[in-house]
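New notebook page. I have a chain to look through, and I want to start with how it is built up along its sequence.

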Amino acid sequence: MRFTGSTRLVIMMVASLWGMSIANKDWGSGYNHTNWGWGWGWGPYHPPNQTQVPNKINVGGSENWHFGFNYTEWAFQNGPFYFNDTLVFKYDPPSNNTFPHSVYLLPNLWSFLTCDLRRAKMIASPTEGGGDGFHFVLNRWRPYYFACGERNGFHCKVGRMRFMVVPLFRWNY
């Protein structure tokens, strides 16, 4: 049986994809096949990857959630964020000395870019950021757009209190 050039190319591509898909698997023998050896007592030993637990991330780091801090830059510098990580929003409750803050989840990129809160959902009120803060779990694989909704979007627009994340999956073999 003779194969045409295109059939040979398809067979080579399928074989290559199959080889890449099994190259780094641990087949239950306790060996990770990233180097030579098939786990039968020869070749370097690689212990299986440990399962990673979700992170708890304080939004803004030590700066917490406040007016005038660039959270978009913070998210870029502190990413990536992963599926099931928890974002913790900490901010002072409203008082005579502080402006209130809140956390809104915006529905789309345009709302995020323009700080349009009309269809946004308040997920943390001005009183929920005190103490241990407000916890939000990244439990879906989708973009999340966060903003402070106080002063009708002023904190979002002028105070740079907004950021977005797209959680990634952790791959454990």
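Predicted model: local features only at pLDDT ≥ 70, side-chain atom pairs only at ≥ 80, totals over all residues.

**Entry 1: the overall pattern.** I read along the sequence and wrote down the pattern α-β-α-β-β-α-β-β-β-α-β. My tally for the chain is 4 helices and 7 strands.

Entry 2: Which strands come together in an open sheet, and in what order? I found 4 strands, lined up as E4-E3-E6-E7, with antiparallel pairing. Strand E4 (121-124) and strand E7 (162-165) are the edge strands, as each of them pairs on one side only. I also looked up the angle: on average, neighbouring strands of this sheet are turned by 30° against each other, direction ignored.

A reminder from class: strands of a sheet pair through backbone hydrogen bonds, and they can do it parallel or antiparallel.

**Entry 3: one pair up close.** I picked E3, which covers residues 103-106, and its pairing with E4. How many bridges join E3 and E4? There are 3, in the antiparallel sense.

**Entry 4: the chain as a whole.** I checked burial next: 34% of the 173 residues count as buried, meaning under 20% relative accessible area. The accessible surface of the chain is about 11,400 Å², and carbon and sulfur atoms hold 59% of that.

Last look-up was contacts. Taking those in the chain with a separation of 6 or more, I noted that 64% are between residues 24 or more positions apart.

Key:
Residues numbered from 1 in each chain as written. Heavy atoms only, no water. Pairing = 2+ DSSP bridges. Helix = DSSP H or I, 4+ residues; strand = E, 2+ residues; numbered from the N terminus. Axes fitted to C-alpha atoms, helices over the stretch in contact; angles between N-to-C directions. Buried < 20%, exposed > 50% of the residue type's maximum accessible area, 1.4 Å probe, protein only. Contact = heavy atoms within 4.5 Å. Areas by Shrake-Rupley, 256 points an atom, 1.4 Å probe, with all protein chains shown as cover.
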